[in-house]
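This report goes through the charged pairs, sheets, nonpolar cores and confidence of one protein model. The sequence and structure come first.

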Amino acid sequence: FFAYMPYDQSGSGITTNFDNKTISCELPVDMHASGGNPAQDSTAGQEAAQEFVYAYSSGYTYETDNGNVELNFIHPLTAIYFKLGEAHGNTVIHSVGLSGLHNTGTLNVSQNPTQGDLEYSDWNIPTGATRGDMTISINKTVGGSGSQGIQLNSPIGGPYLVMPQATATSQPTSTPASTEDIYITVSFTWNGTNTVARVKLGGDGWKPGYKYTYTLTLGDNEEDILANVHVVPWNEVEYKNNIEIE
C-alpha cells in the first residue's frame, strides 16, 4: 500500500512513481506559479506549494492481518520560517531568502517505513543538478505601523517548503556529497546605508519532517548579523480510524 496526501499533487511540487516506489520533488526556488509574472520573486511559487505526506506499508495479507493495514504517514520535506530578532528602529527590510539550495531530488519510499528512519541523505540529488536562490520580498519598516510595519520578535515569513539536504560542505553524508554551503540572504537599509548580507547556515543539514525557524538580528553592517535557529518536529497527531476499501 502506497498512500499520500493531497490527492491532487498539482500544487505540492511532488510527483509519484508507483512502479519504482519513489517520489520526486521539484520545489519552487526561482520558479513561479502558473501564469505568474517572471519579474516577481520566487514567493509566487511557494504560495502555491502544499504540504505533502505519504505512507508505505508492505507485506500485509487479508488472512494474516484480518484485512487491516496500518499506515504511518511521513513528512518527507522541510519547512523554513524567518523571524526578526533585534534591529534598529526604522530599519527597512527589503528581502530575505536562501542562496545555493537544491530543489530537485528523488526519494525511495519503500526504504523508510517511519519518520525516524528518514534522513536528508535519503533524498538523491540528480547528477549535475544546479542550485538556485529563493528570494522573498518583505519591504517593511521595523517599528512601523499597519501592514508596512514589522515589530521585533515577529515572524518575517514562512512556511517555505524545501527539500531536505546538507547545508554545509562539512556534511559529506549527503547524496551526492555537498560541495557548497547554503546561505541566508537579507537586504535592509538603516541610517541611509543599504546592506546585502549572506550568512552561512552551517548546522547539521535540513532533516525531513522538521521545522527550522531562523531568527535574524540586523545590526549596523553585515558582520553584526546573526542567525539563530530553532528546530522542532512537525506536529505529530495520532489519528486512528478504520477505513473500508472496496
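## Salt bridges

Lys 200 and Asp 181 join their side chains in a salt bridge, with 3.5 Å from N to O. Lys 200 belongs to strand S12 and Asp 181 to the loop between S10 and S11, so this pair ties together parts 19 residues apart in sequence. The model is a predicted one. Asp 181 has a relative accessibility of 17%, and because buried means under 20%, it counts as buried.

The structure holds two salt bridges. Arg 131 and Glu 180 form one of them, at 3.7 Å from N to O. Arg 131 sits in the loop between S7 and S8, and Glu 180 in the loop between S10 and S11, so parts that are 49 residues apart in sequence are tied together by the pair. Arg 131 is partly exposed at 22% relative accessibility, and Glu 180 is partly exposed at 39%. As a general point, side chains of opposite charge can pair when their charged atoms come close.

## Two open sheets

S5, which covers residues 78-87, pairs with S10 in the antiparallel sense over six bridges. Within this pairing, Ile 80 has Tyr 160 of S10 as its bridge partner.

Another open sheet is built from five strands in the order S9-S8-S6-S11-S12, again with mixed pairing. S6 (residues 92-101) and S8 (residues 132-142) run antiparallel and are joined by eight bridges. Leu 101 has Gly 132 in S8 as its bridge partner.

## Nonpolar cores

The largest nonpolar core has 30 residues. Phe 82, Val 96, Leu 98, Trp 206 and Leu 218 have the most contacts inside it. S5, S6, S8, S10, S11 (183-190), S12 and S13 (210-218) each give two or more residues to this core. A second, separate core has 21 residues, including Ile 23, Leu 27, Ile 74 and Leu 161. In soluble globular proteins, nonpolar side chains tend to be buried together.

What does Leu 98 contact, leaving aside its neighbours within four places in sequence? Its contacts include Ile 80, Phe 82, Met 134, Val 162, Ile 184, Leu 201 and Trp 206. Gly 132, Asp 133, Tyr 183 and Thr 185 are also among them.

## Surroundings of Thr 104

Thr 104 is part of strand S7, which spans residues 104-108. Thr 104 and Ile 14 are 90 residues apart in sequence, and their C-alpha atoms are 9.7 Å apart in space. Beyond four places in sequence, Thr 104 is in contact with Cys 25, Glu 26, Ile 125, Pro 126, Ala 129 and Met 163.

## Confidence

The protein chain has a mean pLDDT of 83, and 84% of its residues reach 70 or more. Confidence is highest in S7, at a mean of 95, and lowest in helix H1 (residues 43-48), at 70. Over residues 32-36 pLDDT stays under 50, and the model has 10 contacts beyond four places in sequence for this stretch.

Methods. Residues numbered from 1 in each chain as written. Predicted model: local features only at pLDDT ≥ 70, side-chain atom pairs only at ≥ 80, totals over all residues. Heavy atoms only, no water. Pairing = 2+ DSSP bridges. Helix = DSSP H or I, 4+ residues; strand = E, 2+ residues; numbered from the N terminus. Core = buried A, V, L, I, M, F, W, Y, C linked by side-chain atoms within 4.5 Å. Buried < 20%, exposed > 50% of the residue type's maximum accessible area, 1.4 Å probe, protein only. Contact = heavy atoms within 4.5 Å. pLDDT = per-residue confidence, 0-100. Salt bridge = Lys/Arg side-chain N within 4 Å of Asp/Glu carboxyl O.
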